[in-house]
Amino acid sequence: MLVFVLLILFVGLLYGLWRYHRQSDSLSRSVFLGLSLGVIYGLVISSLGLDTESFLPWVNIVGNGYVNLLKMIAMPLVFISILAAIARLEKASMIGSMSFWIISTLIITTGIAAFDGAIIANLFHLDASSIVAGEQEIARSQSIIESSSQVADLTIPGLILSFIPTSIGGTLAGLESTSMISAVVIASLLGIAALTVNKNDPEKGAMIIKGIDIAQSWVMALVRLIIRLTPYGILALMIKVIVTTDAGAIWQLAKFLIASYVALFIMLIVHALIITLTGRSPISHFKKIAPVLTFAFTSRSSAATIPLSIDAQVNELGIAKPIANFSASFGSTIGQNGCAGVYPAMLAMMIAPTMGIDPWSMSFIASVVGISMIASFGVAGVGGGATFAAIIVLSTLGMPLELAGLLISIEPLIDMMRTLVNVSGSITAGVVGNKVLGDVTHHADYQGQPS
């Protein structure tokens with residue numbers, strides 16, 4: 001009976017949000033209404049101490065279902081968009097320029113993030129020895145140790161080789177952790193091939209371009225259809241977050257949680273400063289990408305946010321389409337400011353005192369920053385985001401991996417803000433790339449329409 005009542009109220013919220021979304025021409029307002037309703041409903045359920053074990057699976061149909069739909073369209077969207085953009089390029093050499101500036105921005109900002117995380121961890125006097133390990137933490141630690149075998153033999157040549165696809169079908173099916181980058185490689189090669197055909201046989205080249213345009217229009221229609229579901233997905237995701245949050249664990253590890261959010265918020269300020277240096281208003285910038293960051297926060301998935309990120313960069317920020325696609329796809333796996341920058345650096349600082357290392361040592365901090373920058377690139381070869389970034393950094397520094405499992409009880413809450421910062425960093429890379437490259441993407445087909 002309880003499940004039925006909760007479900008009826010949930011459906012009522014969805015219906016009310018649908019009515020509002022139909023009448024509103026602003027996706028942002030609908031998204032924030034969904035977020036607010038989710039928080040309020042979740043708090044009501046939590047405060048009443050209701051058993052939600054049978055109710056949450058129904059909520060997951062909407063929340064997790066929406067996330068799955070975004071993951072589903074991410075690969076075809078990136079593939080066809082990059083293919084279409086490159087097929088229209090005047091010079092194939094532009095691909096290298098875009099990749100260079102976007103990846104450089106991602107790696108550099110990750111280095112800044114690692115330094116930020118290290119300093120904040122020290123200022124908050126975080127110390128892993130003060131955290132008591134229970135059964136859950138011990139089990140998580142063991143899992144991390146077992147996972148470390150996946151990065152034990154990781155080398156730079158092996159990493160680069162993993163980006164080169166062996167199967168178009170397997171890559172587009174997303175069977176590997178590097179599938180997104182491999183899809184970019186395939187799309188780029190096919191785009192260059194289209195340029196070659198167009199140069200040698202303009203008639204056939206025009207037919208190829210027309211076919212690509214038709215496929216892109218089809219995929220974009222699907223993307224717009226799914227993006228309209230964002231308010232309902234966020235409503236459901238937020239209810240789940242509030243209901244499943246362990247208040248006791250938050251209180252116990254409040255110091256680390258607060259320090260993490262401070263460090264991550266500082267990275268948003270860094271992004272704002274970079275945006276300012278490109279000549280844009282940071283306030284206007286963050287207003288336009290607010291729905292994207294909101295979804296990143298609630299979903300905890302950089303990959304699922306790719307379609308929203310590309311749409312916002314092109315249509316809200318006016319970033320050239322190829323640059324938006326490169327920054328969103330690379331940013332989901334390389335140079336993640338939150339997961340590969342702030343988080344592993346803070347863990348290293350927490351563990352340092354337990355090993356007799358002075359966490360304020362500049363040489364130690366420099367080592368952490370440098371390794372984090374390399375790890376932020378290496379994570380793309382194994383997947384797993386923050387966990388594998390932490391494994392790479394801690395194992396390289398010779399630190400025990402077991403201590404990384406002590407934060408499992410508040411991991412979801414930290415991961416929400418980490419993902420938001422990751423996505424903000426990838427969009428910032430897109431803005432920088434668009435500014436630096438300037439007129440190389442001047443063609444009308446490349447440009448978005450800022451609102």
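User: Which helices each supply at least two residues of the lining of the second largest cavity?
Analyst: This is a predicted model: local features need pLDDT of at least 70, side-chain atom pairs count only at pLDDT 80 or more, and totals for chains, interfaces and linings use all residues. Residues are numbered from 1 along each chain as its sequence is written, and side-chain values use heavy atoms, without hydrogens and water. Helices are DSSP runs (H or I, at least four residues), numbered from the N terminus. At least two lining residues each come from α14 (306-315), α15 (321-331) and α19 (411-437).

User: Which residues line the second largest cavity?
Analyst: A cavity is a set of points on a 1 Å grid over the protein atoms alone where a 1.4 Å probe fits but cannot get out; lining residues have an atom within 4 Å of a point. Here the lining is made of Ser 302, Thr 305, Ile 306, Ser 309, Ala 328, Gly 331, Ser 332, Val 423 and Ser 426.

User: How do the residues of that lining divide into nonpolar, polar and charged?
Analyst: Ile 306, Ala 328 and Val 423 are among the lining residues. Ser 302 and Gly 331 are there too. The lining divides into three nonpolar, six polar and no charged.

User: What volume does the second largest cavity have?
Analyst: The count comes to two cavities of 30 Å³ or more. A volume is the space filled by probe spheres set on the points. For the second largest cavity that is about 50 Å³.

User: Why is the pair of Phe 10 and Phe 55 edge-to-face?
Analyst: The structure holds six aromatic pairs (ring centres within 6.5 Å; planes under 30 degrees apart are stacked, over 60 edge-to-face, the rest tilted). The centres of Phe 10 and Phe 55 lie 6.2 Å apart, and the pair is edge-to-face because the planes stand at 85°.

User: How many residues apart in sequence are the parts that Phe 10 and Phe 55 tie together?
Analyst: Phe 10 lies in helix α1 (residues 2-23). Phe 55 sits in the loop between α2 (27-47) and α3 (56-87). So the pair ties together parts whose separation in residues is 45.

User: Is Phe 55 buried or exposed?
Analyst: Buried means under 20% relative accessible area, exposed over 50%, partly exposed in between (1.4 Å probe, protein chains only). Phe 55 has 0% relative accessibility, so Phe 55 counts as buried.

User: Which residues form one aromatic cluster?
Analyst: Tyr 41 and Phe 55 have ring centres 6.3 Å apart and planes at 90°, so this pair too is edge-to-face. Tyr 41 is in helix α2, 14 residues from Phe 55. Tyr 41 is buried at 8%, and Phe 10 is buried at 2%. One aromatic cluster is formed by Phe 10, Tyr 41 and Phe 55.

Technical notes
1 Å grid on protein atoms, 1.4 Å probe; cavity = no way out; pocket = protein on both sides within 12 Å on 5 of 7 lines; lining within 4 Å. Nonpolar A, V, L, I, M, F, W, Y, C, P; charged D, E, K, R; others polar.
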